[in-house]
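Welcome! Take a moment to look over the protein below, and then we will walk through its sheet and its cores together.

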Amino acid sequence: MALALAQAAEARLICPPNPAVGAVLVDVQGQVLGFGHTQVRGGPHAEVMALRHASEQGHSTLGATLYVTLEPCSHHGRTPPCCDAVIAAGISKVVAAIADPNPLVAGQGFERLRAAGISVEVGLGAAQSRELNIGFFSRMIRRRPWLRLKVASSLDGKTALKNGQSQWITGPEARADGHVWRARSCAVLTGIGTVLEDNPRLDVRGIATPRQPRLVVVDSRLQTPPNAALFAADRPVLIYAAVRDAHKQAALQASGASVIYLPDANGKVDLEAMLTDLATREVNEIHLEAGHKLNGSFIRAALVDELLHYIAPKLIGHGQDLALLGPLTEIDQAWALEFLSADRVGPDLRVIARPSGRDQF
């Protein structure tokens, strides 16, 4: 199962919106016959790749055991059901980490395998598999993506000088690591303030990736320039707005953007409704890189699931904060987090934290 989980991890950059799954086939003596992981969207799943690998090695899979990090699918999607391939291969036992939360599967794969006389065990590696696919589980269970807020700041929490200068607070290693996190997401999200102030591309650079995540812009009044740098990358661009403007909409659509209107009662974009809409567009993980205003809006709305914080060993003093949360009157009003990890990345520190006390889904 450890090898299967390692295979699943290799699929994270290529397989969204599908879950990252790994599979390993072993014979009765426990010798590995073949292994594989989920391919790009519309390509073979992990089980099929493992079976192909075993065949290429000249191994028979009759009576073999399949270790797989997610329940084999039982429905026709972009590919045939993996259950059919497993049954046809003569597999005698399946050890799966966790059930598929997709309502189209959700235990039906296990039922079909057992009905075919295959022994099924579930639970080994469940926590690791779920963590590898936290966005997929979020979309299937909560009907909204997993939202990760990425910030880079000085040790005293400043993301830029008072004049807005921010290049570069952190070192090249941290910036490269940030691109890996961008690459694993289904969408990079930012606000109109960042677009107007920095004119960023917000694409994945410097690492090999077969796809660019979609770009999502929160732009209530459609102020995004049609010639903005964000349109230079080859990827879908979604602009969520609140105030209709046919002329601006037409100009942005001519640049390749899709405009979606989701106003709230205050004439701004309804952030929760936007996340629900993105889930219907098969977005699993969102990588939020924005300014302190939009960061604060997502935090106050309790929509941030994870904080990815790069901290440079520098003190800036007067500067821009990472999130605009407003003045608090009591310490217990602070955004409480639980640390998951803290690692050195070059000269900087990468801290991953999640809101404490939040119910698990």
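How many bridges join strand β1 to strand β3, and do these strands run parallel or antiparallel? Four bridges join β1 (residues 22-26) to β3 (residues 65-68), and the two run antiparallel. This is a predicted model, where local features need pLDDT of at least 70, side-chain atom pairs count only at pLDDT 80 or more, and totals for chains, interfaces and linings use all residues. Residues are numbered from 1 along each chain as its sequence is written, and side-chain values use heavy atoms, leaving out hydrogens and water.

**The sheet**
- Helices (H or I, at least four residues) and strands (E, at least two) are DSSP runs, numbered from the N terminus.
- Five strands form an open sheet in the order β2-β1-β3-β4-β5, with mixed pairing; two strands pair if DSSP finds at least two bridges between them.
- At the edges are β2 (32-37) and β5 (119-122), each pairing on one side only.
- Within β3, T65 stands opposite V26.

**The nonpolar cores**
- A nonpolar core is a set of buried (under 20% relative accessible area, 1.4 Å probe, protein chains only) Ala, Val, Leu, Ile, Met, Phe, Trp, Tyr and Cys residues joined through side-chain atoms within 4.5 Å.
- The largest core has 27 residues, of which L189, M274, L278 and F298 touch the most other members.
- Helix α10 gives this core its largest share, four residues.
- A second, separate core has 26 residues, including A50, I91, L113 and I118.

Methods:
Buried means under 20% relative accessible area, exposed over 50%, partly exposed in between (1.4 Å probe, protein chains only).
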